[in-house]
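Please read them with the coordinates open.

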Amino acid sequence: DWNWFKGPIERQVQAATGRDFHIDGDLDVKLGFFRPTVIANGIVLGNSDWAERTTMLQVEHAEIEWAIWHVWRGDVVLPRVQLDGAELWLERDGKGRANWVFNEDEPREEPLHMPRIHQLRVADSRFHLREVQRKTQLSVDVASGEPEAADGFAPLLLSGGGRYRDSDFQLQGRI
């Protein structure tokens with residue numbers, strides 16, 4: 001039962017971020033030859049205590065394929081990440097504090113090493129940004145489109161709008 005690992009994973013993420021972290025649904029792993037896929041439902045990452053919302057990230061369903069052999073070199077390589085029903089709220093308050101900066105009281109001596117994601121697939125998801133000083137607030141729907149070639153990557157399709165420097169705007173894009 002992979003759900004046994006939820007507690008240790010939650011504690012590790014909480015220690016690394018200084019935020020509440022929960023996997024409210026099931027946790028499962030599909031074992032593959034050096035490429036396991038971790039499947040989690042009901043992921044919730046808490047926000048900074050000063051932020052407008054209590055939640056920074058929610059994901060209904062996530063599948064993360066992990067290239068395990070890269071760990072020996074100290075790299076995190078994720079060949080495929082699938083997020084369904086994700087909502088991400090990024091915020092910078094009037095004092096310039098950003099909720100994407102974790103453990104602000106404990107400065108890092110080494111730079112943060114982000115994982116390399118080869119293929120990102122997103123469905124039914126939304127991104128929000130609020131910057132008080134810049135009078136900016138936006139919400140964007142995010143979903144993956146179809147790849148143009150059989151061996152190509154799926155583009156991310158964006159659609160939304162809000163206010164940028166106190167002016168209305170709309171956005172549509174393809175990444």
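Which exposed residues does the face of α1 turned away from its buried side carry? They are Arg11, Gln12 and Ala15.

1. Basis. This is a predicted model, in which local features need pLDDT of at least 70 and side-chain atom pairs count only at pLDDT 80 or more, while totals for chains, interfaces and linings use all residues. Residues are numbered from 1 along each chain as its sequence is written, and side-chain values use heavy atoms, with hydrogens and water left out.

2. Helix α1. Lys6, Glu10 and Thr17 are buried (buried is under 20% relative accessible area, exposed over 50%, partly exposed in between, with a 1.4 Å probe and protein chains only). The buried residues of α1 fall within an arc of 50° seen down the axis, so they line one face of the helix (the arc is that of the directions from the helix axis to the C-beta atoms). Their cover includes β1 (21–23), β2 (27–30) and β3 (37–46). Gly18, which follows α1, has a positive phi near 75°.

3. Leaving out residues up to four places away in sequence, Ile23 touches Lys6, Ile9, Glu10, Ala40, Asn41 and Gly42 (contact means heavy atoms within 4.5 Å).

4. Ile39. This residue of strand β3 is buried, at 9% relative accessible area. Beyond its neighbours within four places in sequence, Ile39 contacts Asp26, Leu27, Asp28, Lys30, His61, Ala62 and Glu63.

5. Most residues other than glycine have a negative phi. Asp124, in the loop between β6 (116–123) and β7 (125–131), has a positive phi near 50° and is exposed at 63% relative accessible area. Lys135, in the loop between β7 and β8 (136–144), likewise has a positive phi, of about 50°, and is exposed at 53%.

6. Salt bridges. The structure holds 13 salt bridges (a side-chain nitrogen of Lys or Arg within 4 Å of a carboxyl oxygen of Asp or Glu). In one of them, Arg130 pairs with Glu91, with the closest N and O atoms 2.6 Å apart. This pair links distant parts of the chain, 39 residues apart, with Arg130 in strand β7 and Glu91 in strand β5. Arg130 is partly exposed at 22% relative accessibility, whereas Glu91 is buried at 6%.

7. Arg163 forms a salt bridge with Asp166 at 3.0 Å, N to O, and one with Asp168 at 2.3 Å between the closest N and O atoms. Asp168 is exposed, at 61% relative accessible area. Elsewhere, salt bridges that share partners join Arg35, Glu63, Glu65 and Arg80 into one network.

Terms used. Helix = DSSP H or I, 4+ residues; strand = E, 2+ residues; numbered from the N terminus.
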